[in-house]
Amino acid sequence: MVGPEYVLWMVLPLILRAHTGAGARFRFASYIDNHMVLQKRPAGAVIWGYGTSGATVTVTLCQHQETIMRKVTAVKTCSNSWMVILDPMKAGGPYEVVAEQTFRGRNFTLRVHDVLFGDVWLCSGQSNMQMTVSQIFNATSELSNTAAYQSVRILSVSLVQAEQELEDLAEVDLRWSKPTSENLGHGNFEYMSAMCWLFGRYLHDTLRYPIGLVSSSWGGTPIEAWSSGRSLKACGVPKRGFILSDSVAGPSERSVLWNAMIHPLCNMTLKGVIWYQGESNVNFNKDLYNCTFPALIEDWRQTFHHGSHGQTERLFPFGFVQLSSALTSVASDDGFPQIRWHQTADFGYVPNLRMPNTFMAVAMDLCDRTSPFGSIHPRDKQTVAYRLHLGARAVAYGEKLTFQGPLPEKIELSAVKGLLNITYSQQIQVQRQDDKIFEISCCDDHQCKWLPAPMNTFSTQTLALSISSCRGTPVALRYAWTTWPCEYKWCPLYHPSSALPAPPFIAFITNQMRANHRLLSDLVAV
């Protein structure tokens, strides 16, 4: 006969192992950690993680030992995950988040402290987003300027690829942290994005409440790697058969970075996204970018809205940097201008009908011939981040301010005088007169050629171009349609008070004969 002591000795390790396993499986999602920023009201922040199937999870928000709110949920059987949505909270903190799992009479507790509520922005793209503060102009001064920004918190996602959509991040390079010279200047293209940091810092200067910055970027990557299969299919992107260009140095397979570095974040409640990418598509699916980029924005919006159970706005603000300049040895000078144009869905400006609630920073005048990281990586990230934050203040926060440079409102041909007159939507500051940056498409006998249209006279809101070089019919006009339109901050046209450059554009000239009209897409490709 077996004694009760023997039975207990045999069963006790199994019981302990079962309880230990239940506790070991109970955790927060990888990015829920000390020092994090959660999205403030009017949205509710999502707290989630993994646990033991069938267990009950209670999430409590505390401040100074006082319970602010308590939410109870169950661990889902199918995924072993749990989730709660906190009541909307005003900006501020710090708070403590406590999660307690109850399973078969045993409790397991998790805590994260120094939690703030504010606005959470996701920053993504390729190497110009990935550059760190140690790589930009005035790096030493910038790295020492962190003491006043301890409520701007930073998180950096590890470089990971996946063939299927991941539910949680596989790795985190930099857990939620307060900014220091060490984590902002960790190395070249490592840890925290300078562009992301500066954007958040400028926002904090205006908003004066906590900002959470999530950096998830990888250099040398095309948009296809950051896009879901759904959005690529919608744009007719072929699954196979592309010859990659030299500009694609990172992962290029369809959706591998979306799967591993973006989708795992989709439960997070966001304020918005900023994006700096496009260089790797200059010679890779360039002609599809006017579809793939708007499709990426729409798909990210839909996925984050759904993942957060409606807490992230369906049309959350999405900002991006229009490509800067680069010295290239390629014979064609059309790749960068076409991507710049396609970044606006071929409108030349944002927001527009295909890209609502978006904002853009023009960067073609922020070139850097002597960048030690190559001219494709300009070091002035302060100016481009400042320009982008102006767009955020206008589009995301509803502030009445100038956030983009002058746009052409009307183009009129004065054939008798040999002039083309442009009326702008805003006042213009002509910084210098240029004979080549404006070009007209001159057509004769069904043959069209781009010719220079030198700047002539100008006023506070109008500009006249000389078109005497065109012996045929001027059909279209384009501005700054080259990889390197001007030297540093020395393009011809700016807004006088904001110093924002006029963006590049291509447009038909009105009142022309139908015989000479061609599709704008054809003109873009000429």
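Colleague: In which loop does P42 lie?

Modeller: P42 sits in the loop between strand 2 (37–39) and strand 3 (46–50). Helices (H or I, at least four residues) and strands (E, at least two) are DSSP runs, numbered from the N terminus. Residues are numbered from 1 along each chain as its sequence is written, and side-chain values use heavy atoms, with hydrogens and water left out. This is a predicted model, where local features need pLDDT of at least 70, side-chain atom pairs count only at pLDDT 80 or more, and totals for chains, interfaces and linings use all residues.

Colleague: What is the peptide bond from R41 to P42, cis or trans?

Modeller: The bond from R41 to P42 is cis, and its omega is near 15°. Another cis peptide bond joins V350 and P351, with omega about -5°. P351 is placed in the loop between helix 10 (335–342) and strand 14 (358–361).

Colleague: Next, the cysteines. How many disulfides are there by the rule?

Modeller: A disulfide is a covalent bond between the sulfur atoms of two cysteines. The rule used here takes a pair of cysteine sulfur atoms within 2.5 Å. By this rule the count is five disulfides. With the bonded cysteines of the chain numbered in sequence order, the pairing reads 1-2, 3-4, 5-8, 6-7, 9-10.

Colleague: How far apart are the sulfur atoms of C123 and C196?

Modeller: The sulfur atoms of C123 and C196 are 2.1 Å apart, and the two residues form a disulfide. The torsion about this S-S bond is about 60°, so the disulfide of C123 and C196 is right-handed. The pair links distant parts of the chain, with C123 in strand 8 (residues 106–125) and C196 in helix 5, 73 residues apart. C123 has 0% relative accessibility and so counts as buried. C196, also at 0%, counts as buried.

Colleague: Which hand does the disulfide of C443 and C448 have, right or left?

Modeller: The disulfide of C443 and C448 is right-handed, because its S-S torsion is about 105°. Their sulfur atoms lie 2.0 Å apart. C443 is buried, with a relative accessible area of 2%, whereas C448 is partly exposed, with 21%.

Colleague: Last, helix packing. At what angle do helix 5 and helix 11 cross?

Modeller: Two packed helices are described by the angle between their axes and the distance between the axes. The axes of helix 5 (residues 194–207) and helix 11 (residues 381–395) cross at roughly 50° and come within 8 Å. Axes are lines fitted to C-alpha atoms, for helices over the stretch in contact, and angles run from 0 to 180 degrees between N-to-C directions. Helix 5 and helix 11 are therefore oblique to each other. Angles under 35 degrees count as roughly parallel, over 145 as roughly antiparallel, 65 to 115 as roughly perpendicular and the rest as oblique.

Colleague: Which residues in helix 5 meet helix 11?

Modeller: In helix 5 they are M195, L198, F199, Y202, L203 and T206. Among their partners in helix 11 are V384, Y386, L388 and R393. The residues of this contact divide into 10 nonpolar, three polar and two charged. Contact means heavy atoms within 4.5 Å. Ala, Val, Leu, Ile, Met, Phe, Trp, Tyr, Cys and Pro count as nonpolar, Asp, Glu, Lys and Arg as charged, and the others, Gly among them, as polar.

Definitions and conventions. Buried < 20%, exposed > 50% of the residue type's maximum accessible area, 1.4 Å probe, protein only.
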